[in-house]
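Colleague: Could you walk me through the charged side chains in this one? I'd like to take it slowly.

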Amino acid sequence: MPNQQYFPNRQSIRLRGFDYSSAGTYFITVCCHNREPWFGHIEQEQSVLNQYGIIVSNSWRELADRNRHIRLDEFIVMPDHFHGLIHIENCENSRPIGRLVAAFKTVVCKSIRTNHQNPNIQIWQRNYWEHIVRSEIECNAVRRYIRNNPAKWRLYGRIAMRPAFMEIF
């Protein structure tokens, strides 16, 4: 059995008792496995997508086509991660944010694996990060953060080197 000090139990970042299928706005971040720059590069403070980055962008847009109870807002595909704002509308059968993100990640993986011709390649990290957006002021701050993300790339490099999300506020 592996030494447990190297494999600590993961703590959930989810709010205990919160209904993640409830109407609201969520800011999500999904990182590439080992933070590999799968999706393109940054050039002149702009995210330049390669074929895989285009798959990510198209898959995000298609998520709203398949789920009528959501509305997509600002998003950005970066070389090694993805940021997006998603609004879940009031609906009796709405899917929780976790299932929506899982569906998005699955569609991206299947498409990239087909294009890459490697069915075992890992694209995404195991989990994702989310934040419940609680006000319009906060939502506008997140939009600015997403829009300015490519410009910050030069300052911080890959996402592993970036300050915490709370710099938004």
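Modeller: Let me begin with a definition: a residue counts as buried under 20% relative accessible area, as exposed over 50%, and as partly exposed in between. Please keep in mind that this is a predicted model.

Colleague: OK, so how many salt bridges does the structure hold?

Modeller: There are five salt bridges in the structure. One of them joins Arg143 to Asp73, with the closest N and O atoms 2.7 Å apart, and this pair links distant parts of the chain, since Arg143 belongs to helix H3 (residues 136-156) and Asp73 to strand E4 (residues 70-77), 70 residues apart.

Colleague: Is Arg143 buried or exposed? And what about Asp73, buried or exposed?

Modeller: Arg143 is buried, because its relative accessible area is 16%, and Asp73 also counts as buried, because its relative accessibility is 18%.

Colleague: Which residue does Arg147 pair with?

Modeller: Arg147 forms a salt bridge with Glu74, where the closest N and O atoms are 3.2 Å apart. This pair, too, links distant parts of the chain, with Arg147 in helix H3 and Glu74 in strand E4, 73 residues apart.

Key. Residues are numbered from 1 along each chain as its sequence is written. This is a predicted model: local features need pLDDT of at least 70, side-chain atom pairs count only at pLDDT 80 or more; totals for chains, interfaces and linings use all residues. Side-chain values use heavy atoms; hydrogens and water are left out. A salt bridge is a side-chain nitrogen of Lys or Arg within 4 Å of a carboxyl oxygen of Asp or Glu. Helices (H or I, at least four residues) and strands (E, at least two) are DSSP runs, numbered from the N terminus. Buried means under 20% relative accessible area, exposed over 50%, partly exposed in between (1.4 Å probe, protein chains only).
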